[in-house]
Amino acid sequence: MRRSSPTRPTTHHRLLMRPRRTNVGRYRTERPTTCIQPIALRDNHRQMTTFYLGTHVPNWLWRTDVRHPLFVSNRTLGKYKKLKKANVRWCLDSGGFTELGMFGTWLTTAYQYVQNVARYWDEVGSMDWASPQDWMCEPQMLKKTGKTVTEHQHLTCHNFVLLQQLAPHLPIIPVLQGWMPDDYLKHAKMYADYGVGLDEKPTVGVGSVCRRAKVDGMKQVFSDLNKDGLRLHGFGLKQDGIKLFGNNLKSSDSMAWSFGARMAGRKGIYSCGKKHETTKNCANCIDWAQMWADKVSTIGEQ
Ligand SMILES: [Zn+2]
């Protein structure tokens, strides 16, 4: 009896197939030869190009006096029943640090999350990209979830693949997670095992690094990943991180200005220099936020 020829794998199967490593890039997956090759992304960055100003106040998206692109959380923007077109570029944070920190797991399902991202994409627009539902690897987060760094990395890869399958048209980025420097390189290789070619992506996030700037080996990790053609966004990286890693970053974000303003407020200091009638500090003050962002965003040029 004649056997039928094997059927062509579906997209779903191809995503799950273990890719063959090529000698072109460590994190590139095998691509069918008939595909049009993507534009080369190996223009390694000499200095950081974009600083996203983190804010608890999503309605800054609609102001006309915002000088910096914004970084807004799904946890705050998701509360808005009515949305409108943004006047500024922005990125969406999935709010994982808060959700995992509070519940030890993601309660928001992948389906609910892509529905939210799709709503923002359509109704707000000007979105550069959205974070996935990644699993941060700070020791307090591991304690909360009861899982290991490797488990968090697998869950992060699994979520990214799932989000891509649910909504391939949305600009959701892959994020590298880890704690020790080598963790990030291992996670980059893990993505290839999940069929994700990181060096083909316009942006790859690096998470759990906001207070890791001075850790030995982190600078080398950013340098190695950049040399491998990855366009990196450093989550929560402010002055010290940008000074050290800026040459290997495409972008970063921070809302450290808000925490600093809250601390200053305890001493009766208004960070923007002007007393507010309705608030005790500048933790949500757009003048202070922009003064701070003006300074941080020019660090790479100094
Ligand atoms: Zn103020």
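This is a predicted model: local features need pLDDT of at least 70, side-chain atom pairs count only at pLDDT 80 or more; totals for chains, interfaces and linings use all residues.

Biologist: What makes H7 roughly parallel to H8?

Modeller: The two helices pack at an angle of about 20°, with their axes 8 Å apart. Angles under 35 degrees count as roughly parallel, so H7 and H8 get that label. Their crossing is right-handed.

Biologist: Which buried residues does H8 have?

Modeller: In H8, residues 218-227, the buried ones are Met218, Val221, Phe222 and Leu225.

Biologist: And how do you know that they sit on the same side of H8?

Modeller: Look at the directions from the helix axis to their C-beta atoms. They cover an arc of only 95° around the axis, so they are on the same side of H8. Among the elements covering these buried residues are helix H7 (181-193), strand S7 (232-234) and helix H9 (239-245). Just after H8 comes Gly229, with a positive phi of about 95°.

Biologist: What does H7 meet in H6?

Modeller: Asp183, His187, Met190 and Tyr191 in H7 meet Val149, Gln153 and Cys157 in H6. By class, the residues of this contact are four nonpolar, two polar and one charged. The axes of H6 (residues 149-166) and H7 come within 10 Å and cross at roughly 35°. This crossing is right-handed.

Biologist: Now a single residue. Why is Thr55 called buried?

Modeller: Count its neighbours: Thr55 has 25 C-beta neighbours inside 10 Å. The cut-off for buried is 20 or more, so Thr55 counts as buried. Thr55 is in strand S1 (residues 50-55). Leaving aside neighbours within four places in sequence, Thr55 is in contact with Trp60, Leu70, Val72, Met255 and Ala289.

Biologist: How far apart are Thr55 and Asp253 in sequence and in space?

Modeller: They are 198 residues apart in sequence and 10.0 Å apart in space, C-alpha to C-alpha.

Biologist: What makes the phi of Ser126 worth a look?

Modeller: Most residues other than glycine have a negative phi. Ser126 is not a glycine, yet has a positive phi of about 55°. Ser126 lies in the loop between helix H4 (110-123) and strand S4 (127-130). Ser208 has a positive phi too, near 55°, and is also a residue other than glycine. Ser208 is found in the loop between strand S6 (204-206) and H8.

Biologist: How do you know whether Ser126 and Ser208 are buried or partly exposed?

Modeller: Ser126 has 15 C-beta neighbours inside 10 Å. Partly exposed covers counts between the exposed limit of 12 or fewer and the buried limit of 20 or more, so Ser126 is partly exposed. Ser208 has 25 other C-beta atoms within 10 Å, so Ser208 is buried.

Methods. Residues are numbered from 1 along each chain as its sequence is written. Helices (H or I, at least four residues) and strands (E, at least two) are DSSP runs, numbered from the N terminus. Two residues are in contact if their C-beta atoms, placed from the backbone, lie within 7 Å. Axes are lines fitted to C-alpha atoms, for helices over the stretch in contact, and angles run from 0 to 180 degrees between N-to-C directions. A crossing is left-handed if the near helix is turned anticlockwise from the far one by less than a right angle, and right-handed if clockwise. Ala, Val, Leu, Ile, Met, Phe, Trp, Tyr, Cys and Pro count as nonpolar, Asp, Glu, Lys and Arg as charged, and the others, Gly among them, as polar. Angles under 35 degrees count as roughly parallel, over 145 as roughly antiparallel, 65 to 115 as roughly perpendicular and the rest as oblique.
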